[in-house]
Amino acid sequence: EGAKVYSANCQSCHQVNGQGLPGAFPPLTHLDKVVQAQGGRAYLIRVVLYGLQGPLTVEGKAFNGVMPPFRQLKDPEVAAVLNHILTAFAKSKAKPFTPEEVKAQRAKAYAPQEVLKSRPPVK
Ligand code: HEM
């Protein structure tokens, strides 16, 4: 399920193995650090639901792009795609995301620039 959601919605930018495209789309291979950081779980859900815009540094490389929102995905699809990218690309052993955790982030909508402000300080 998560792999299907990824190939249909994310792979065109983040590429088949989540390696991204230098200068354009960040990799997803560092996300264990993000998910483990304080506020990281809520941030990752918001990125998918509300998109992301503005300057960020990932693994020492600068990005300043626009990721579109994916509000149309169902709560179980958002949880599944996050669990997929974390396990397949980031080798994370973080506790899996649940649909309930995703639903909680729909209560307050964020602009993509505000989502960036909520990113935990990982390099
Ligand atoms: C950033 C996941 C689809 C373009 C991110 C980040 C995550 C992510 C977790 C933040 C990384 C970090 O903070 O370290 C996903 C998932 C997708 C998806 C799960 C599918 C549901 C897309 C698509 C595009 C895209 C389709 C291109 C149209 C970007 C860009 C950034 C980004 C440009 C960086 C934004 C900035 O520079 O501020 N993505 N992504 N993503 N994504 Fe996606």
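Modeller: Happy to! Lys93 is exposed because it has 10 other C-beta atoms within 10 Å; the cut-off for exposed is 12 or fewer such atoms, while buried takes 20 or more and partly exposed lies in between, with C-beta atoms placed from the backbone. Bear in mind that this is a predicted model, where local features need pLDDT of at least 70 and side-chain atom pairs count only at pLDDT 80 or more, whereas totals for chains, interfaces and linings use all residues. Numbering runs from 1 along each chain as its sequence is written.

Lys93 sits in the loop between α5 and α6 (99-104); helices here are DSSP runs of H or I of at least four residues, and strands are runs of E of at least two, numbered from the N terminus. From Lys93 to Asn83 is 10 residues in sequence and 9.8 Å in space, C-alpha to C-alpha.

Helix α5 (75-89) also supplies at least two residues of the shell around the ligand, as do α2 (11-14), α4 (40-50), β1 (52-58) and β2 (61-67). That shell holds 28 residues, with Cys10, Cys13, Phe63, Gly65 and Met67 the closest; a residue counts as near if its C-beta atom lies within 6 Å.

Both α2 and α5 are packed against by the buried residues of α1, where contact is C-beta atoms within 7 Å. In α1 (residues 2-9), Gly2, Val5 and Tyr6 are buried. Seen down the axis of α1, they fall within an arc of 100°, so they line one face of the helix; the arc is taken over directions from the helix axis to the C-beta atoms. Lys4 and Ala8, on the other side of α1, are exposed.

Definitions and conventions
Two residues are in contact if their C-beta atoms, placed from the backbone, lie within 7 Å.
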